[in-house]
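Here is my note on the model you sent. The points follow in order, one topic to each.

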Amino acid sequence: MGSLGGDRVLSARSPQVFLARVRSAVLFLIPLSLLVVIWSFVVNVFEINPRIFPSVASVWQAGVDSVVDGTLVRHIGASLWRIAVGTTIGLAIGIPLGIAMGVIPAIASFFNPLVRFFSVLAGIAWIPIATLWFGYGFGAITFVIFNAVFFVVAYNALLGVSSIPMQVRHAAASLGAGRVAMIFEVLLPGALPNIVTGVRTGMGFAWRGLIAAEMIATDRGLGYMLFTARDFYKTEVIVLGMVVIGLIWLALDRLLLAPLERVTTERWGMVGS
Amino acid sequence: MAIITEEQASLWNKLQVAWVRLHQHWPNAAATLPFVPLVLAWWLTAMLEVFPRAFFPGPGEVILSLKSLIYKGILPEYLLDSITRLIVGASAGVAIAIPVGVLIGMNRHANRGLWPLLLFFQAVGDIAWLPILLVWFGFGLTTMTFVIVYTVLFPVVLNTVLGIRSINPDLLRAAHSLGASRARIIWEVVLPGALPNIMTGLRNGLGYGWRALIAAEIIVGTSGIGFLMFDARRAGSVVEIMLGMIVLGLLWYVVDAWILAPIERATGERWGMVTR
Amino acid sequence: MKSLTLNHLSKTYFDPYKGTQVTALEDISLSIAPGEFVSVVGPSGCGKTTLLNVIAGFLPETSGSIRVDGKPIFGPGPDRGVVFQSFALFPWKTVLENVGFGPKMRGVGRDDRDAIAMDYLQLAGLAHAADRYPAELSGGMQQRVGVVRALANEPDVLLMDEPFASVDAQTRLTLQEELIRIWLDRRTTVLFITHDVPEAVFLANRVVVLSKGRVMNEITVDLPHPRKWDELVENDAFKLLSAQVLHSVRAA
């Protein structure tokens, strides 16, 4: 009996795959470009008040200006730095904790509702209490990000470990795996698909939480840039900010997180969505 | 090779039996059990004043605040406001999302054209729209409804598309050859076929919508649970913030576990379909 | 190759659903000589899987002793290799990495253990699948990997828990013949759990019939090796032995 699953004829680096990728990227950009064209058309023909909606040109100009004078880079840097720190701490604590809780089935099922409760609450709902505890600024915002990532990742890690069939763990024990080996060779890899899903979801919450928190709790960052532009009816800055936010998350999610999730889920032989 | 004494063993056994019986006869009570140590730990931390009382009040104070706010009518009113907004926004969102999902799922051109837009706007996120919404509509119901509709849209559309893609094409061919018109096929085959996934999308969408509502109320609101927390922050009152968060969490947990999840399971199981 | 000795082995546990103590194994004494292939058959619920789990060390025994080569056991270990009904391969590791897992745990270096793994894969006729992932293989191939993975660790005793139950009937016959071929080559001590009577007789030197946690009967199988299904299916001695075992199981 031959093997199931198709032959992987195309290697990831073959020219056909590359061309296919380029093609899908182009197809992706066409509707967006069309939207920009329509936007430009509507704003010009209907002579829309720039205080209500900016023209494409003004947004572009605002973009160029803010890159030149460094403000855009500063805001993006602040936002990305906060996300990086919060996410790293959230993962560093959440993954081990989730795995630890998941190892013993009785403990896993006991903590499951608890962790799930908090993962639902994660993110923005913590902003008021975070600003009260840490004051305005880096601490509160990073806490909200950490919180968003931590609970979701811990929950998913717990779930992931619980879903490893007991016989696989028994198999490892019978092959001589000690505690450390069990964690790094079995539990962590076994839970990885769930963990990656958790990271993706958690970072989604974290990103939204970041923007929200930056609107009310600090003096720099993309959310701040958006919110303060409102005071001066600088709609071109608002739209610029929205586009930047969309692009950053799109890049992060589509180019990094989604493929990661797909690869781990497929390799593990689980049916991906 | 006995590790424990006979008495300890039989006590442990009795506990196990009690645990099993509890889960069998009162599953809802059993679901609350894990929260007991949490509340106890909270109470202990607060009582020992591990953190200053002003920053970390205990369950007692939160309950007192609960009573007071109910008595003053504030909590019920805010709760009603929040829930109403959510229902209105979610309904509008779903009403838009399902047709869009059907369109994208069934029409390849719509798919090619709209999918990238969908992904981009999902990436922008509801929160980033707040400033421009505030410019257009000010601090009011329209802004908040828009945010909820926006947030609910994406999970429902995406899951609808997923559900439609997972329909066995033979079903569609069968309907076609039995003489069903396009509209009929959508109504009789596509929608029921995608229903389990749509329910999943609905469940997710409501979750996101709830979170978006709270976010909007925190940043923009004039009433509602989110506003309660925002206002309490301004007054420096942690107790009410905690109360707000607990009410939020509990409400969502209850609705999700006792209403949404069973519905989602029921549609999937009744049709004998695997939803995920 | 080492011997496996069970002495008055018992296993009881508390069932919270029934609210009572349940006896899974009762006073089981069994001596398996080095290199012997013993099948354990019995009706559902007779305790054969529990027996394997206790010997493997996944469950503690309640009383009695288990000795490998005269020495007691402490939990799971590489001296008792296990082949599972569900294959239990590590989905995130390639076939080669799966088979090399045991040696890796013993601290064998990458090149050495890859060589060991390749040897065993060749033994099972799976050298070409070395870089595949379990999800890409059929059930039969996965179980071959499972068997070879356990063997690559050179266990003193091989425990097999209904290993071919999840595989289709035709593949099962092939796998059984392969198992015999490998066993004749390595002469590992094997304890093979199954509910399939002909399978039990086909593979073993001795068949133990278990019922309600007790040893009911032991039947020696002295058919010559190598055994092939095509021949044995018509062999009178085989048919007689199978009938004997079957009657024993059904009477239990």
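1. Start with H6(A). This helix is mostly covered, with 22 of its 25 residues buried. Bear in mind that the model is predicted.

2. H6(A) spans residues 138–162 of chain A. From first C-alpha to last, H6(A) reaches 36 Å. That is close to the 36 Å expected at 1.5 Å a residue.

3. Next, a helix pair in chain B. Helix H7 covers residues 130–137 of chain B, and helix H8 covers residues 141–165 of chain B. They pack at an angle of about 145°. Their axes are 9 Å apart. The crossing of H7(B) and H8(B) is right-handed.

4. Which residues make the contact between H7(B) and H8(B)? H7(B) supplies B:Leu130, B:Leu133, B:Leu134 and B:Phe137. H8(B) supplies B:Thr142, B:Thr143, B:Phe146 and B:Val147. By class, 6 of the contact residues are nonpolar and 2 are polar. No charged residue takes part in the contact of H7(B) with H8(B).

5. Chain C is divided into two parts. Domain 1 of chain C is made up of 1–79, 157–168 and 182–252. Domain 2 of chain C runs over 86–154. Taken over C-alpha atoms, the centres of domain 1 and domain 2 of chain C are separated by 25 Å.

6. Last, the contact between these domains. Domain 1 of chain C gives 9 residues, and domain 2 of chain C gives 11 residues. On the domain 1 side, 6 residues are nonpolar, 2 are polar and 1 is charged.

Note on methods:
Residues numbered from 1 in each chain as written. Chains lettered and ligands numbered in written order. Predicted model: local features only at pLDDT ≥ 70, side-chain atom pairs only at ≥ 80, totals over all residues. Axes fitted to C-alpha atoms, helices over the stretch in contact; angles between N-to-C directions. Helix = DSSP H or I, 4+ residues; strand = E, 2+ residues; numbered from the N terminus. Left-handed = near helix turned anticlockwise from the far one by under 90°. Contact = placed C-beta atoms within 7 Å. Nonpolar A, V, L, I, M, F, W, Y, C, P; charged D, E, K, R; others polar. Domains from an automatic or database assignment. Expected span 1.5 Å × (residues − 1). Buried ≥ 20, exposed ≤ 12 C-beta atoms within 10 Å, placed from the backbone.
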